[in-house]
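Have the sequence and the 3D view ready.

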Amino acid sequence: MKSNLVAKRAFGGISRAGKAGKALACLAAMWGLHGGLEAAEGKPNIIFILADDLGYGDLGSYGQTKVQTPALDQMAKEGMRFTQFYAGATVCAPSRSVLLTGLHGGHTAVRALPYHAVPPYKDGEPPIPASAPSLGTLAKDAGYSTAIIGKWGLGAVGSEGDPNKQGFELAYGYIDHGEAHNYYPKFLWRNGAKEPASGYSHDRFTEEALKFLNTNKDKPFFIYLPYTIPHFNLNPPSVDPYAEKDWPQVGKQRAAMITRLDRDVGRILDELKKLGIADNTLVLFTSDNGPTPESGAPLELFNSAGGLRGIKRDLYEGGIRVPLIAWWPGTVPSDTTSDFVGSFCDVLPTLAQVEGVPIPPGMDGVSMLPELKGKHPEQQQHTVLYWETVEKGGAQAVRMGRWKGVLKGICSKSPGKFELYDLNTDPAEKTDLAAQHPEQVKILMEAIKKEHVTSPIFPLNVEERQAAQATNARVPSP
């Protein structure tokens with residue numbers, strides 16, 4: 001029953017609650033929850049910062065020794081560092097769809113990069129639906145001033161996935177992923193209109209974020225800040241402070257971009273302190289997936305995956321395990337480490353609870369607010385976490401407690417064998433234990449079958465792709 005409900009919500013079958021007021025009152029009564037009707041004043045501010053292709057090992061607080069990240073390391077010292085947190089997918093579009101909707105990769109609307117979608121998508125990218133809750137709609141309905149500044153990639157201007165239709169009052173930056181490959185664009189989008197731009201886009205995003213939080217400092221605000229660093233084209237304004245290193249030039253460029261990102265996160269935290277609103281602001285920092293070698297950067301030089309197996313486009317740990325730092329002075333215990341096993345699908349339930357509104361039904365995620373407050377015994381744990389991808393021949397992965405299962409080659413006629421890993425003893429996934437634990441393999445395989453609901457837009461395995469091709473000859477190969 002739950003899978004059917006989630007599938008309907010993911011593809012537009014259930015309408016979203018309206019503005020705060022009567023609709024929220026009904027929801028609160030239905031779910032037996034309170035707090036969603038409080039006046040917006042006094043609610044915590046929220047800033048969610050998302051790096052692009054930053055690996056688990058790219059920060060000093062996660063073991064990095066070559067790249068300087070002093071601001072983020074200080075953020076971790078003043079807050080909480082998560083060691084077992086996962087992106088929603090191993091590439092950007094589906095990972096962000098999981099983040100925005102609270103539905104994992106087997107249920108969310110956008111399951112893959114746009115070129116894997118079934119036609120007739122012609123304008124931009126397949127959108128997340130306006131009929132389901134998203135981070136933006138929940139925050140706006142809770143009385144927050146809302147902004148998305150950076151890279152969107154979940155629906156073209158005018159579509160139902162348009163960020164202005166997803167609850168964001170300010171939408172500034174790149175709308176689709178292709179645009180975001182250029183750090184020196186001639187224009188950026190502002191609320192559906194092209195605005196001339198000059199200079200390094202990352203710097204524009206930081207200035208826009210600082211301006212927005214200053215403008216809204218006296219009322220609750222939610223800023224979703226999906227930066228594009230250190231993605232793809234490695235061409236920062238300078239390679240300082242690494243110009244004299246005996247590294248390949250692309251290595252210097254990637255390192256400089258990460259340090260620039262670090263600098264600007266520090267600027268945002270400093271501004272919150274300066275304005276006297278730090279104690280009333282939750283800041284979360286993470287990455288959309290693992291590191292990529294596509295730019296030519298020597299990931300092995302920096303140990304960007306933190307010793308984990310795999311990179312972007314893999315469902316091994318290096319492709320999906322990401323850093324997460326939570327900072328909320330006086331609420332999140334300082335200098336703490338959490339081994340809570342969580343995912344992007346947990347962000348929406350968590351922020352809903354922070355905002356004081358009911359968590360929508362049918363979410364795959366759980367609220368991490370108890371963990372953030374250091375109340376570990378009260379924290380709900382996941383029974384299962386699930387991922388899927390059509391990249392590299394397709395794969396599905398599931399985690400249940402200590403066990404991680406990976407099924408590869410699902411887009412081919414001869415899928416690969418199921419692999420089983422004990423992450424408690426083997427986080428680098430070096431030893432496949434499937435032969436030794438057939439009963440555990442059976443349990444995880446059943447979970448994979450249960451968690452995946454067929455998407456009419458993104459066929460996954462051979463059977464789904466053949467069915468789609470029967471009705472549309474232009475279905476792309478994985």
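The notes below start with a threonine and then turn to the strands.

This is a predicted model, where local features need pLDDT of at least 70, side-chain atom pairs count only at pLDDT 80 or more, and totals for chains, interfaces and linings use all residues. Residues are numbered from 1 along each chain as its sequence is written, and side-chain values use heavy atoms, with hydrogens and water left out.

**Thr 350**

Look for Thr 350 in helix α10, residues 347–355 (helices are DSSP runs of H or I with at least four residues, strands are runs of E with at least two, and both are numbered from the N terminus). Thr 350 counts as buried because its relative accessibility is 1%; buried means under 20% relative accessible area, with a 1.4 Å probe and protein chains only.

Its side chain has these partners:

Now for the strands. Ten of them make an open sheet with mixed pairing, in the order β7-β6-β5-β4-β8-β1-β9-β10-β2-β11. Two strands pair if DSSP finds at least two bridges between them. β7 (193–196) and β11 (336–338) sit at the edges with a single partner strand each, so one side of each has no neighbour in the sheet.

Inside that order, β4 (residues 145–151) and β5 (residues 170–174) pair in the parallel sense over five bridges. There, Ala 147 stands opposite Leu 170 in β5.

Key. Buried means under 20% relative accessible area, exposed over 50%, partly exposed in between (1.4 Å probe, protein chains only).
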